[in-house]
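Dear colleague,

Please find below the structure that I am handing over to you for your records. My findings follow directly after it.

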Amino acid sequence: MSIERHEIEKLATLARIAIDDSTINEVSRRLGSVLELVDQLQAADTEGVEAMSHPVQAIQRLREDEVTEINQRDALQAPSPDIEDGLFLVPKVIE
Amino acid sequence: MSWETVIGLEVHVQLATKTKIFSGASTAFGAEPNTQACAIDLAMPGTLPVLNKQAVHYAVMFGLAIDAEIGKESAFERKNYFYPDLPKGYQTTQLEKPIVGRGNVEIERADGSKKIVRIHHAHLEEDAGKSLHEGNFRHGVSGIDLNRAGTPLIEIVSEPDMSNAEEAIAFAKKLHSIVTSIGICDGEMSQGSMRFDVNVSVRPTGTKELGTRTETKNLNSFKFMEEAISKEVERQIDLIEDGGTVVQETRLYNGDTKVARSMRSKEEANDYRYFPCPDLLPVIVTDETIEELRRNLPELPDARQARFVEQYGLSDYDAAVLGSDAAMSAYFETTTEKSGNAKLAANWTMGELAARLNNEAISITNSPVSAEQLGGLIARVADNSISGKMAKEVFDGIWAGEGSADDIIEARGLKQVSDSGALEQMVAEVLAANQAMVDDYINTDEAKRKKKLGGFMGQIMKASKGQANPQQVNQILAKKLSELL
Amino acid sequence: MHNLTIAELVRGLKSNQFSSVELTQHFLDRIAKLNPGFNAVITVTADQALKAAAAADERLAAGNAPDLCGVPILHKDIFCTKGVRTSCGSKMLDNFVPPYNATVVENFEQAGAVVLGKTNMDEFAMGSSNETSFYGSVQNPWSTDCVPGGSSGGSAAAVAARLAPGATATDTGGSIRQPAALCGITGIKPTYGRVSRWGMIAFASSLDQAGPMARSAEDCALLLSCMASFDEKDSTCIDREVPDYSSSLNNSVKGLKIGVPKEYFSEGLNPGTEKAVRTALAELEAQGAELIEISLPNSGLSVPAYYVIAPAEASANLSRFDGVKYGYRCEDPKDLQDLYTRTRAEGFGEEVQRRILIGTYCLSAGYYDAYYGKAQQARQLIQQDFTAAFEKVDVIMGPTCPSPAFKFGSKGDDPVAMYLEDIYTIATNLAGLPGMSVPCGMVDDKPVGLQIIGNYFDEARMLNVAHQYQQVTGWHDQAPEGVDS
């Protein structure tokens, strides 16, 4: 099974990963092989079976609404690639 | 060809919790960039969300306020897309199982008629950060501030039940009134506490099928919403009448430049690939919790308006103006309590105070004249310490920060003279000093004498620098003059 | 000293036979000398280790120190270690120094354990051979032209080569058990929710779980007692008392019901592996356990379901790596989209990119029901199989892997061939059950493992059974050649 080129390009855009033109065919082939694997799911009879989102039987704990985090901007921004004036810088965002 | 408009609103309400929805960082407004963005808010590797109890309670309170179904078991999902103000590359939100289901909001049109706008649902989600396009940084880049990232929101989605801008605004204002009245949102539109997305479509009058709709996002003032809707309706009608078709797209409206435009619509619609968030478990709200929140739910605007009529004897109109805005009603009630005079409190709050606040674009919560201070001023008018005219002067003084009404009356010596002894003396002196006026008065026909009183009043007020109690002066003057006849 | 077990080291340290500083220096020297041959450790924290060792010695001298005080360990480079580079085996985080500790790291620090460094791993934990690491492959100490397994290949190889007596690791589809089996050591993946995921870089949130690797069940019990804790910062972490896993190791296995799934002994299983596993089962039978054939009929759905769910969750978890807040950023991005697409294309390796694309595909509009929805249903069926089985048996056993360690590059061209390595381990992650591997024989001079699957939170029993097995067999004591010098 193979995935159409335009589908790969669409996925690459959604996932924001640049895929070189020269490798698209290879990517398509390997993805296709994985999809063949997962297509085996189609044979399963899942009529009336509930989807399982969590492997634990538990409910969400609720946190008290109290401030517990202090300002640690310097420490948290130490790993940042581009900071000025306490702001994370990115190429201009056009809305 | 006549057209009708169909409008639906999606309203983002920032919940007034102290901390973020999934982290313990503060949500206080106005902090330095990224000083309220902890590791979780920055989506640092290995960080995980834990849900804020107050956000859940506030959402349920909203549901109770609009008589909605409460989603006793709700779940979070991930909405995936890339944007610099979205640190995880997905927004944690609710889709299939929101915390609040169907509900109703009643609005009142200008002509007094009422209408129900149905709410489809309201769900919890996290707010994104902010992109700054200019600031203290080099040219050609944008600066990202993630302080706002993670602030809890409820997104309220209406059915497309509104037929014109007026109804949309009425609905928006009613929502604002509700969320501020129950205390789940501070309602500060200028700070982005409430943001509106408006879905607008048109169709030939009388037809049932909905036209293609456009979405105008992120409006944060009622005025801009009204303008944006009107413009968009006009644009769509013109377009169709010219033979074109309305394209489903997202639009932005700039209230300052009055320009509306499409948002990069050439790109394919984003596929958000929603799926249940594995880091958060099902959210359960018990019947006990719902009952407790219901018991403690603060007064709703409709109930408050009715109470104002009943308790303070306000007119329906006054009750509506004062009762709809949570901040204004709180102000009014405090002023009434302090002054003991609801009528005056209502007049001053809706009149002098509102006008000045409007003029200087200040919200009532930031009023330089506090409710206590205004109450103090009104009390002095009510007990005749100062005249109505003087009161305005004192009001200005309080606004300027000179202190309380009593402080200013004292400092400027504005206390109305009501001491009958002093007034008697004053009147006698004026009469003695104005023999010609007195003679003229005596010699005038009885029928025409009333007119001459004004002259004496003028002299007396001048002599007392405006501080004589006019009613009392009138009485004393009449008595003295009659003695001379 | 490197041949002593952790249990022996604990006794030795407490009775002052040697100091933690001596012990630590010994292992640091071994790493310096032998690691280049295996590439198991990618960051060595010598200074910090010796400092911690000195502090541990003081605590030991003062008396009443926790069990693991002074014991040297390694952390898989997926656990955030404050102030120490945490790469997750990826170029994307090659320069990332976290300002916080994972809870697992914190737990060991509180206990006084000494961290020697961070181990190599498949990039972002995606792999079964440790061939996808940015830092190069890890060699299996038993056969250096073979893989050690993955994704915790570094931890497994390090323990097998006696570079440390124990190491932390993580398991999403078998990443503790499979490398443990291929490297002839013992490893356990606890019940989902037993160990906190805070600070553990997320791959697939509903499947990931941290666990220990060491040379015996007794040692794993000591490590697990430290790793397991209730952590409020992880919403999926269960609040349940942590038993003293060491105290029940010596219970008898008489009457223990061992389920042997027929689906785990089908074609594709190496005959040598099968023989070793059946011999191990017979060994336990001789000790009084009862072997009961069971069926897990939906086993065939495990690998397909996993390769939808894991990549789907990963595709969202890895969206945060965008070159904005931390980690790798491409040079001179010409605009925002270029920043994203090039940072991620350059920062992520091929397998990671492939899984992100698969995950994106399975969640995308039109495919969600057929893939993600279906996989979540299959997951339910798989869990039901186990629930039914555990009504009849106490534990389930079978082979950990279909065959012993394979040569580098031998699964190169077809990703699916690699995925089938996890055929016996994956179902336990999908169900959230605990799973363990202990060495049970040699095939072609390479180790093979026996897998033990327990019921929810039944780690104590699993460790007990494993320990009883290890009391009468010597596979776990064997060392690869050339490692003793």
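A residue is called buried here when its relative accessible area is under 20%. By that criterion, 53% of the 485 residues of chain B are buried. Please bear in mind that this is a predicted model.

Chain B first. Its secondary structure consists of 15 helices and 16 strands. The radius of gyration of chain B is 30 Å, whereas the globule rule gives 23 Å for 485 residues, so chain B is more spread out than a compact globule. The C-alpha trace of chain B extends over about 95 × 55 × 55 Å along its principal axes. Of the contacts in chain B between residues at least 6 apart in sequence, 68% connect residues at least 24 apart. Chain B has an accessible surface of about 21,800 Å², and carbon and sulfur atoms hold 48% of that surface.

I turn now to chain C. This chain contains 15 helices and eleven strands, and 69% of its 485 residues are buried. A compact globule with 485 residues would have a radius of gyration near 23 Å, and the 21 Å of chain C agrees with this. Along the principal axes, the C-alpha trace of chain C spans about 65 × 55 × 45 Å. Among the contacts in chain C with a separation of 6 or more, 75% are between residues 24 or more positions apart.

Two local features of chain C may interest you.

Helix H1 (residues 6-14) of chain C and helix H7 (residues 217-227) of chain C have axes that come within 8 Å and cross at roughly 65 degrees. Angles of 65 to 115 degrees count as roughly perpendicular, and H1(C) and H7(C) are therefore described in that way. From H1(C), the residues Ile6(C), Ala7(C) and Val10(C) meet Glu218(C), Asp219(C), Leu222(C) and Leu223(C) of H7(C). Sorted by class, this contact of H1(C) with H7(C) comprises five nonpolar, no polar and two charged residues.

The second is a single side chain position. Is Gln178(C) buried or exposed? Gln178(C) belongs to helix H6 (residues 177-182) of chain C, and it counts as buried because its relative accessibility is 0%. Neighbours within four places in sequence aside, Gln178(C) contacts Ser128(C), Gly149(C), Gly150(C), Thr400(C), Cys401(C), Glu421(C) and Asp422(C).

With kind regards

Methods: Residues numbered from 1 in each chain as written. Chains lettered and ligands numbered in written order. Predicted model: local features only at pLDDT ≥ 70, side-chain atom pairs only at ≥ 80, totals over all residues. Heavy atoms only, no water. Axes fitted to C-alpha atoms, helices over the stretch in contact; angles between N-to-C directions. Helix = DSSP H or I, 4+ residues; strand = E, 2+ residues; numbered from the N terminus. Parallel < 35°, antiparallel > 145°, perpendicular 65-115°, else oblique. Contact = heavy atoms within 4.5 Å. Nonpolar A, V, L, I, M, F, W, Y, C, P; charged D, E, K, R; others polar. Buried < 20%, exposed > 50% of the residue type's maximum accessible area, 1.4 Å probe, protein only. Rg over C-alpha atoms; globule rule 2.2 N^0.38 Å. Areas by Shrake-Rupley, 256 points an atom, 1.4 Å probe, with all protein chains shown as cover.
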